[in-house]
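This briefing concerns the fold, the packing and selected residues of a single chain. The sequence and the structure are shown first, and the points are then grouped by topic.

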Amino acid sequence: MVVNVGNAGHAESATNTGHLVRTPYTRSDECIDSDAGTRGVAERYRDFAWREARGRSDAHEELSARISQDPEFCDLLSGSLPAGNKQQPNLLLAAVRYLDGPHAEQGPHGAAAYGRWREWTIRHWDEVRAVIMHRASQTDEPARCATLLPLLARLPQPLALLEVGASAGLCLHPDRYRYRYQQGYEGGAHGAGTVEVGAPGSPVVFGCRTQWPAEQLPERLPEIVWRAGIDLNPLDPVAVPDDLRWLRALVWPGDEERAARLSAAVEAVRAAPRPRIVRGDLIDELPALAAEAPPEATLVIFHSAALDRLPPARREEFAPLVRSLLEGRAGGGHWISNEHHSVLPWTTAPAHPEDELLLTLALDGRPVALTGPHGQSLHRLRGAEEAAGAARTTGS
């Protein structure tokens with residue numbers, strides 16, 4: 001069976017064993033044209049399997065590991081996708097799930113199942129590549145609001161929220177959800193028990209394990225009078241069912257709880273006014289959008305697992321820009337970042353006691369906590385109270 005992989009100019013013949021019989025093709029100038037490119041893709045999938053998927057998604061761990069050991073398939077990826085973000089594993093795996101490819105829910109298990117996944121992906125490469133080129137790996141994890149809330153609630157009210165890398169804007173609605181903070185961590189002491197706060201009747205409750213003192217957890221939701229965001233490719237899962245379908249495809253197979261949280265969060269914000277989300281570069285659009293915030297509110301510029309989309313040089317520009325915008329604003333404002341320490345050149349990297357994927361929550365550039373990547377945990381760092389106290393005295 002001859003398979004057309006269209007945009008790569010690449011004709012493939014898939015045998016019963018799943019191997020590719022290749023005919024000559026012309027690669028795009030944007031794409032990597034060397035064995036080093038194929039090796040680089042293989043290494044990227046191997047690293048993804050080991051460092052990111054292992055222990056979090058058996059399906060993605062096995063699938064990405066098998067791809068890393070499949071040089072012909074890696075050659076297809078390196079030869080027909082532009083180098084950089086379009087070659088990231090999460091994007092390919094989500095694209096196949098989005099198109100209802102084989103094993104879409106649980107992923108392939110075993111060599112025969114991988115062969116079916118591989119054959120289907122090659123046969124539908126035109127569609128898979130089109131999704132990859134049109135979409136971005138822009139998961140929107142509203143449960144991260146559980147880790148942002150203790151800071152938001154303690155800032156001078158009311159607030160004007162501006163999210164950098166807003167995706168679908170679900171994190172711009174922390175006042176539409178409920179939160180359940182469990183004292184202590186799994187396997188450790190449970191501390192003082194459970195603290196619950198949030199919107200009555202919300203269809204979603206975000207659970208968060210924490211060692212934050214109960215008396216310093218929020219007792220009420222913040223008052224938010226303005227919401228806006230910036231994203232290169234903003235999504236609207238409320239009004240556009242296809243955007244919700246894409247966000248669901250980005251949830252890793254086997255994580256039904258996270259998929260359910262996403263759907264419930266969309267329902268929680270369905271009746272809320274849409275926030276203003278500007279399409280464009282995170283840095284270029286920031287000054288004009290920040291200037292729209294009402295002067296009577298405390299402006300909070302925040303971002304969560306978003307700055308890794310920027311090249312390192314642009315990240316270096318970001319911190320001085322945010323500081324200058326807030327310092328130049330009447331009444332000032334605050335900056336909350338929730339990123340992996342490797343993308344935060346302006347903060348001191350704290351020790352990560354358990355999990356190298358933990359994010360560093362910082363207030364005005366000062367680390368205050370380590371957080372779970374999906375908002376599932378909040379580990380308070382030394383100096384957090386001093387940073388929060390300074391924020392209360394310097395807000396508008």
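Two strands pair if DSSP finds at least two bridges between them; helices (H or I, at least four residues) and strands (E, at least two) are DSSP runs, numbered from the N terminus. The model is predicted: local features need pLDDT of at least 70, side-chain atom pairs count only at pLDDT 80 or more, and totals for chains, interfaces and linings use all residues. Residues are numbered from 1 along each chain as its sequence is written, and side-chain values use heavy atoms, with hydrogens and water left out.

**Overall composition**

- The chain contains 12 helices and 14 strands.
- Of its 396 residues, 56% count as buried (buried means under 20% relative accessible area, exposed over 50%, partly exposed in between; 1.4 Å probe, protein chains only).
- Among contacts with a separation of 6 or more, 72% come from residues 24 or more positions apart (contact means heavy atoms within 4.5 Å).

- An open sheet of mixed pairing is formed by 11 strands, in the order β6-β5-β7-β14-β13-β12-β11-β10-β4-β8-β9.
- Strands β6 (194-198) and β9 (276-279) are at the edges with a single partner strand each, so one side of each has no neighbour in the sheet.
- From one strand to the next, the twist averages 20° (axes are lines fitted to C-alpha atoms, for helices over the stretch in contact, and angles run from 0 to 180 degrees between N-to-C directions).
- Strand β5 (residues 178-183) runs antiparallel to β6 and is joined to it by 5 bridges; R178 has G198 in β6 as its bridge partner.
- Helix α11 (residues 312-327) packs on the sheet, where it touches β4, β10 and β11, and its direction makes about 155° with that of β11.

**Cores and enclosed elements**

- The largest nonpolar core has 74 residues, and I67, L92, Y177 and I336 have the most contacts inside it (such a core is a set of buried Ala, Val, Leu, Ile, Met, Phe, Trp, Tyr and Cys residues joined through side-chain atoms within 4.5 Å).
- Helix α4 (residues 89-98) gives the most to this core, with 7 residues.
- Another core, of 25 residues, lies apart from it and includes A297, L310, F318 and V322.
- Helix α3 (residues 71-80) is largely enclosed by the rest of the structure, because 8 of its 10 residues are buried; among them are F73, L76 and L77.

**Selected residues**

- E339 lies in strand β11 (residues 333-339) and is buried, with a relative accessible area of 1%.
- The side chain of E339 makes a polar contact with the side chain of H303 at 2.8 Å and reaches the backbone nitrogen of A305 at 3.4 Å (a polar contact is a pair of N or O atoms within 3.5 Å; within protein, one must be able to donate a hydrogen and the other to accept it, and residues adjacent in sequence count only if both atoms are side-chain atoms).
- E62, in helix α2 (residues 58-68), reaches the backbone nitrogen of G110 with its side chain at 2.6 Å.
- P295 is in the loop between α10 (286-290) and β10 (298-304) and counts as exposed at 63% relative accessibility.
- P295 and G331 are 36 residues apart in sequence and 7.8 Å apart in space, C-alpha to C-alpha.
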